Amino acid sequence: MVSSAGRSLIVVVGLGLAVLGLAGCGTQATTAPEAEQVLAVQSQMPFQIMIPSYLPKGFDRKNIEIIADQTGPGGEPMVQLAYRTKKGATVTLQEWVPVNPDQEILNASRPIQTKWGRGWNLDQGDQLAAIWADVGPTRVSIYTADVATVSNERLLAIAETLGPASNKVVFSFDAAPKQIQEMAAPPAYEAPTTAAGVQEVTLVVTPGGYSPLRFSVKAGVPVKLTFRQLGEVGCGNELIFPSDPVNPVSLQLASATDEQTIEFTPSQVGIFEFRCSHQMYRGLLTVRE
Amino acid sequence: MSVKILTYLGRPLVRRRWPLAILAIVAVGVVAGGLLFAFAGSPAVAKAPPGTTVVYNLFATDGYVALPDGGAIYNYGFVGGRAGVPLTFAKSVTPSDPDGKTGAYGDLTYNGNGTLAAGAPTPTPGPITGTEAELAGHAQWPAPIIYATVDDVVQIRFKNLGVNANPDAPNDPHSIHLHGLDVNAANDGVPETSIGAVPANAVTPGAGNVIVYMFSPKNAGTYMYHCHQEADIHVQMGMYGALVIYNKGDAAAAFGPGANKGGKLFGWDYDKDYVLLLTEVDTRQHGAEDGIFEGDYQGDAYNPVNYHPQYWQINGLSFPNTIHVGSGSFNWTDWIAAHPGYDPFITGSVSKTHGNSANPKGDKVLLRMINMGFETQPIHMHGFHAKVIGSDQRGWNWANTPKWGEGYEKQTLTIGSGETYEWLLNIGQQSVTSTYPAETQTRYDPSGLPVANTDTSKTVITAPDGDPYIGGPTVSGANGLPMPGQLFPMHNHDDYKATNNGVYPGGMFTMIEVLP
C-alpha cells in the first residue's frame, strides 16, 4: 500500500524522467512551493521552465521573484527566477532557447562540462560567479553576486539538479558534491606537410591575438613558419618564437604587409609558448613525437 | 642651440564678447531653474532587492557629430541603453564641406533624434536586423551612462554593428573595458590581454556575435567604460561613457545621475548628482579615420603623439552648449533627450535643509568628475570650495573631518586622464542674491533683461589703444541692486581650453547656478 503522497511522487517522477529522457539515476524529491508560481507563467514561454531541486541553505523558495517579460541575450523569450536569502544573497536563473547558441557568448567564461553537456563558467573571484548550462536546447544562466554564500561549485550543483516544475516537487538526480570540470581544449591545429616533406604554417597576429592560437608540429620534420599581421597590432609585430626553446628567435614585421619566414626542424618534444615582445599576445606551439 | 621663444606682442585686435543670446538664455535659465526647483518633489522610491539584474543593450558603430562652432567630425561610439527603457538617440548629422587640413567638416545638416519606444533592442546574433539597422551609423557622443547599485548583477549585451555612416572607414573590432572595476585579466576588455575584441558585423569569423559582459560592482562611486581596441584611436573617436555605481538605498539609484535625486557616498549625504565627463577633440584624428585628413605639414599620416586638440568638452558639449544654448543646429531639448543624465549645467538651492546639524543649509551637489581625455585638466570653480570626498571609487575619509569648511576642500581640482573624483559642492556656501552697483553695466539689467557689454549708453573702460574694454564700465555708483540667482563659472583653468578652437568663451566651461 502506497500513501497518496507516495503515489503522486511516483507519477511525477515518471513524468520527470519522460520529459528529461533520463533513466537509471537515483532520485530525490524536494518540495517546491514555488512551482505553482512558475507554472503560472509557463504558458508565456515556448519551452519547459526548469527549477532546481538543490538550493544552498537559507534560500527562500516561497518568495521567488519571477520575471517573464524580459528577453534573452539574442532577443528570445526568457524567464528570470530569483531566489533570495533573508540576508539578501540572491541566486538568479535565466532560461531561454538561444536562436544561435554559438553566437551568444558569455564574455571571459571558460568551457566546462555539466552533466547536461556543455556549459561555461564565469569566475570573477569574490565579485561574481556565473554558469551557463545548455540543457537540451534550453540555455540556463545561473549567477550570484554573493560568492561567499554560493560558490561556483554550488552554482554547478544548482545547474545539475534542474528539472521541470511540477505543482508539488522538483527532482534531484544527483546529490554528489560538485567540482568544476573544465572542458578539454580542442586539439591544437596540426600543420600540414607538403609534398616536399615540409610542415607549413602561417601564423597571423590580429588585434584579437594569434591565429592559430595553438598549433602542433611533428618533431624531426622541417617546419616553414610564415608570420604576418592583420590590422593594428602594436607590439604584436614582433614575434618571439621558440624554434629553439632555449634561445627563442625574434621575427619582426617592418610594415603591415611585411612577411617574415623562419625554417627550423623541431627536436624537443613538448609545449612551448610563443609571444609578442611585451607578452600581451601569447600562443602555444606543441611539438609532438 | 637656439631656443625660439614665442611671445604675443600686444593684445589681439578683435575682442570677443559674450553673445547676447547666451546672456538672455542665462537670465531665462535663472527663472526656469527656480521654477524647476519649486516643483521638485521626492516621490517614494521602491527599494530594489539585492542582487538585482540590470541589463544594458549596447551596439558599437560610427557616425558624424556636430562641433560647437558649426562644423562636424567623424566618430566611433556606442548606442543603446537600459533594456526596456524607451530609447531616444541622437541621429548622426550629415556632414558637408570637408577640410583636408583639419580633418573636420565645415558644415552639416542636422537630422534630429530617433526613437525606439520599446527601448534599445536586444542584440540578435548574426546579421544586422531591421531594428538594429535603425541604430547603425548613429554612435552617441558620449556613450549612454550605465548605472547600477552595489551588488547588482549588470549584464551588458554587446554587438558590433560595424561602420555604417562611412562604410569605407576601418571596420574595427571593439571591446568594453570597465575602467576601475578590478576584474580579472580575462574580463578586462583589453583585446591583447583579455578575451579578444568583438569583430564588426562583416564577413569575418565571429562577426555578429553577441557578447554578454557580466559584472557585479562592490564599490560605489564613479567609473567609466570605454573601448580598449587601439585605445589611442578608439577613445579619441568617442567610444566612452560614464559608469555610476550607487549605494543600496540611494534614491538616485533608480534614476541615474542628473535626475535631481540624492544619496549617500563615502558617508556624505548629497541631494543631487551630476556627471562631468571631460574629453578633448583633435579633429585630425577623426579626419584620419574618416579618410579626409590629408596629412600633417610634412604630409605624414596622423600620428597620435602629435595630439593637439582644438575642442574641449564636458559630457560631449562645449560652452555655450554646456549651459543649454548654442547657435546653428544645437537644440538643447533634443540633446538632453538623447543623452539623459549628461546635463553639465549645475544648479542648486540655497534653502534646502537636512535636519542634521552637521549638514548646513543648501543643496549638497555631488559632482562626478571623470577625465576620459588624454590631457590633465585643472577644473576651477568660482565662488565655492567643494569637498573632495573620494577619488577612483574609494572614499577619502582621511582627508575630511565630518565638517564643512575644512579638510580637502578645493576650488581647483587637477584631474589626470583616467582619474575620477567625487567633488561635493555645498550650494549653501553662497547666498542667492548678489548686489551689483546700480550704475554699472552688468549682465543683469534692472528691468530684468540682460544687456550686452557693448551697450554704448554706459560708460565703459577704454583700453590703452582706445578700444572699448570687455570688462565693462567704470564702477561709479554703488546704490546697490540685489539680483537673485547667482551664476558662477566653472571651467578649465588652462584658459585656452575654455575656447572653441581658440574662440573664447567656449570649451570646457560651464556654470553653477545658485537658486532660491
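User: Hey, what percentage of the 289 residues of chain A count as buried?

Analyst: It comes to 39% for chain A. Keep in mind that we're looking at a predicted model.

User: Got it. How many helices and strands are there in chain A?

Analyst: Chain A has three helices and 23 strands.

User: And what share of its contacts with a separation of 6 or more comes from residues 24 or more positions apart?

Analyst: Those account for 60% of them in chain A.

User: What about domains in chain A, what are the bounds?

Analyst: The domain assignment puts domain 1 at 25–182 and domain 2 at 189–288.

User: Let's pick a helix. Is H3 of chain A mostly covered or mostly open?

Analyst: Mostly covered: H3(A) spans residues 152–160, and seven of its nine residues are buried.

User: Which ones are the buried residues of H3(A)?

Analyst: They are A:Arg154, A:Leu155, A:Leu156, A:Ala157, A:Ile158, A:Ala159 and A:Glu160.

User: Switching to sheets. In what order do the strands of the open four-stranded sheet in chain A come?

Analyst: The order is E16-E15-E18-E21, with mixed pairing.

User: How many bridges link E15 and E18 of chain A?

Analyst: Seven, in the parallel sense, between E15 (residues 199–206) and E18 (residues 223–229) of chain A. As an example, A:Val204 has A:Arg228 in E18(A) as its bridge partner.

User: OK, now the two chains together. How many residues of chain B are in contact with chain A?

Analyst: There are 36 from chain B, in contact with 35 residues of chain A. On the chain B side, E8 (153–160) and E10 (210–215) each supply at least two residues. E10(B) gives the largest share of that side, six residues.

User: Which strand of chain A is joined to E10(B) by three bridges?

Analyst: That's E6 (residues 104–106) of chain A, and the two strands run parallel. One pair there is A:Leu106 with B:Val212 in E10(B).

User: Which residues touch the most other members of the largest nonpolar core?

Analyst: In that core of 163 residues, they are A:Leu128, A:Ala130, A:Ile142, B:Ala72 and B:Met214. Strand E1 (residues 53–66) of chain B provides the largest share of the core, eight residues.

User: What is B:Ala72 in contact with, beyond its neighbours within four places in sequence?

Analyst: Its contacts include B:Tyr64, B:Val93, B:Pro95, B:Tyr105 and B:Leu108.

User: Last topic: how many residues of E24 in chain B are buried?

Analyst: Seven of its seven, over residues 420–426 of chain B. B:Thr420, B:Glu422, B:Leu424 and B:Asn426 point one way from E24(B), while B:Tyr421, B:Trp423 and B:Leu425 point the other way.

User: And which strands are joined to E24(B) by bridges?

Analyst: E18 (residues 364–371) of chain B pairs with E24(B) in the antiparallel sense over seven bridges, with B:Val365 opposite B:Leu425. E20 (residues 386–391) of chain B is also antiparallel to E24(B), joined by four bridges, and there B:Lys387 stands opposite B:Leu424.

Note on methods
Residues numbered from 1 in each chain as written. Chains lettered and ligands numbered in written order. Predicted model: local features only at pLDDT ≥ 70, side-chain atom pairs only at ≥ 80, totals over all residues. Contact = placed C-beta atoms within 7 Å. Pairing = 2+ DSSP bridges. Domains from an automatic or database assignment. Core = buried A, V, L, I, M, F, W, Y, C linked by C-beta atoms within 7 Å. Buried ≥ 20, exposed ≤ 12 C-beta atoms within 10 Å, placed from the backbone.
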